[in-house]
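Hello,

Please find the structure below. My notes on what was found in it follow.

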Amino acid sequence: MTDTTNLTIAGARDALRRGDLTSAELTQTYLTAIDAADALNAFVHKTPEIAKSQAEAADQRLKAGNAPDLCGIPLGIKDLFCTKGVPSQAASRILEGFLPEYESTVTTQLFDAGAVMLGKLNMDEFAMGSSNETSVYGDAVNPWRVDDRKLTPGGSSGGSAAAVAAGLCLGATGTDTGGSIRQPAAFTGITGIKPTYGRVSRWGVVAFASSLDQAGPMTRDVRDAAIMLRAMSGFDPKDSTSADLPVPDFEAALTGDIRGKVIGIPREYRMDGMPAEIGKLWDDGTAMLRDAGAEIRDISLPHTQYALPAYYVIAPAEASSNLARYDGVRFGHRATLAPGDGITEMYEKTRAEGFGAEVQRRIMVGTYVLSAGFYDAYYNRARRVRALIKRDFDTVFADGVDAILTPATPSAAFGLGEMADADPIKMYLNDVFTVTVNLAGLPGISVPAGLDAQGLPLGLQLIGRPWEEGDLLNVAYSLERAAGFVAKPDRWW
């Protein structure tokens with residue numbers, strides 16, 4: 001019997017094809033692990049019967065031969081993805097009781113590839129947060145722990161990160177609007193990639209900010225990310241922002257040979273107050289890529305300093321528009337009305353009860369910057385800054401840079417509750433290294449590269465050229481091999 005505790009997607013795929021184990025056996029192992037890990041609050045809707053049925057079907061496909069790479073592979077699905085007949089709440093009270101009549105394109109493609117859904121994963125409400133503390137289900141908890149402190153797994157894809165890091169699934173779907181795949185991946189010692197905007201369909205993914213949202217995989221290593229991304233990618237006529245481009249074999253790109261590649265190191269990312277251990281990790285990663293044969297080049301992205309404020313104008317503005325549909329009329333939560341209340345009171349009470357404090361804050365900010373008197377002063381100005389940020393990247397890539405190396409986060413995982421009552425801007429600063437990638441529509445990946453002084457994982461981010469996820473994954477693969485990060489959290493739950 002194959003040891004499943006340290007399996008990767010690639011390892012499980014090969015074991016399943018050899019007949020060393022069945023998908024039914026593998027799936028039951030993870031279902032048992034999920035039940036034993038309730039303290040992490042990673043899975044919020046368990047789907048054991050669906051998982052067992054899908055595993056049985058996968059085993060039949062495996063017996064017939066020529067099964068796809070993900071056939072029989074147990075995965076977790078972020079609660080932002082609509083799954084037919086299964087609660088899909090985006091971790092919000094306002095979608096309480098919502099059972100979609102349809103399947104998102106991403107989950108459809110995963111299931112067509114034979115993947116097994118173990119359940120739905122925790123997240124920040126409507127993907128608005130960096131710590132998974134805004135969820136209606138309660139906090140997800142990082143499986144890494146120091147001195148009995150409960151740590152955040154990051155956000156918004158905190159449940160996905162915690163589940164993969166704890167070995168509760170072989171991979172998970174995430175979404176990334178300003179860093180929500182890459183930041184939690186860094187906090188939990190796993191790999192997470194945000195592909196180029198338009199590479200993966202957004203159809204059936206509950207919208208936060210439509211020009212920024214992009215789905216991607218969260219996995220144990222780079223090879224698994226390549227395998228899963230291929231299955232998730234592709235043109236979708238139901239998504240007007242989906243790119244009609246062929247999907248490469250990303251796994252085949254993983255040669256590890258990066259000789260002659262030009263890696264940019266942006267001077268603007270070395271910010272005042274950066275912790276010494278983050279700076280050292282960045283320097284170490286730079287040395288690893290240089291030793292692997294890459295050319296290291298100092299570059300400038302001069303409008304980086306304006307990225308965070310521009311993002312926190314554009315994202316709330318789009319959220320304000322997207323979340324207007326949740327009014328208690330058609331689906332989800334509806335407030336109890338008093339005698340004499342009319343439609344206006346129903347809207348007001350439903351939205352006040354249904355949305356959490358952070359979502360309400362962003363809706364109000366977004367509505368304000370879109371209002372007649374402030375549209376040009378805030379929203380249009382932020383859009384112009386966004387164009388300048390994209391131009392910075394275009395200039396660097398046109399000058400021969402193949403990828404850009406930066407820190408993934410400004411710190412390791414912090415304690416749950418430590419920032420909950422702080423100035424929200426302190427929480428927003430967790431996105432300082434990641435939001436530029438979303439504003440420019442570029443692919444970005446976080447790779448675990450070391451531990452801090454407390455023994456908590458730290459990640460490095462690589463940013464690639466648009467539509468060149470294969471090259472980006474190969475550079476990440478080289479960095480992963482050089483870093484040799486294999487640490488796992490101690491099982492305390």
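**Helix 11 and helix 12**

Tyr-368, Val-369 and Leu-370 of helix 11 meet Tyr-375, Tyr-378 and Tyr-379 of helix 12. Contact here means heavy atoms within 4.5 Å, and helices (H or I, at least four residues) and strands (E, at least two) are DSSP runs numbered from the N terminus. By class, this contact has 6 nonpolar, no polar and no charged residues. Ala, Val, Leu, Ile, Met, Phe, Trp, Tyr, Cys and Pro count as nonpolar, Asp, Glu, Lys and Arg as charged, and the others, Gly among them, as polar.

The axes of helix 11 (residues 357–370) and helix 12 (residues 375–398) come within 7 Å and cross at roughly 105°. Axes are lines fitted to C-alpha atoms, for helices over the stretch in contact, and angles run from 0 to 180 degrees between N-to-C directions. Helix 11 and helix 12 are therefore roughly perpendicular to each other; angles under 35 degrees count as roughly parallel, over 145 as roughly antiparallel, 65 to 115 as roughly perpendicular and the rest as oblique.

**How to read the values**

This is a predicted model, in which local features need pLDDT of at least 70 and side-chain atom pairs count only at pLDDT 80 or more, while totals for chains, interfaces and linings use all residues. Residues are numbered from 1 along each chain as its sequence is written, and side-chain values use heavy atoms, with hydrogens and water left out.

**The whole protein**

The protein has 15 helices and 11 strands. Its radius of gyration is 21 Å, close to the 23 Å that the globule rule gives for 493 residues, so the protein is as compact as a globular protein of that length. That radius is taken over C-alpha atoms, and the globule rule is 2.2 Å times the number of residues to the power 0.38. The C-alpha trace spans about 70 × 55 × 50 Å along its principal axes. Of the 493 residues, 61% are buried (buried means under 20% relative accessible area, exposed over 50%, partly exposed in between, with a 1.4 Å probe and protein chains only). Among contacts with a separation of 6 or more, 76% join residues 24 or more positions apart.

Helix 7 (residues 222–232) and helix 15 (residues 469–483) pack at an angle of about 160°, with axes 9 Å apart. That makes helix 7 roughly antiparallel to helix 15. Val-222, Arg-223, Ala-225, Ala-226 and Leu-229 in helix 7 meet Glu-469, Leu-473, Ala-476, Tyr-477 and Glu-480 in helix 15. This contact of helix 7 with helix 15 has 7 nonpolar, no polar and 3 charged residues.

Thr-191 lies in strand 5 (residues 191–194) and is buried, with a relative accessible area of 0%. Leaving out residues up to four places away in sequence, the residues that Thr-191 touches include Val-222, Ala-225 and Glu-480.

**Helix 5**

In helix 5 (residues 158–165), 8 of the 8 residues are buried, so helix 5 is largely enclosed by the rest of the structure. Its cover includes strand 1 (43–46), strand 3 (116–121) and helix 6 (182–188). Just after helix 5, Gly-167 takes a positive phi of about 75°.

**Pro-68**

Pro-68 sits in the loop between helix 3 (48–64) and strand 2 (74–78), and is partly exposed at a relative accessible area of 27%. Apart from neighbours within four places in sequence, Pro-68 is in contact with Arg-17, Arg-61 and Ala-113.

Regards
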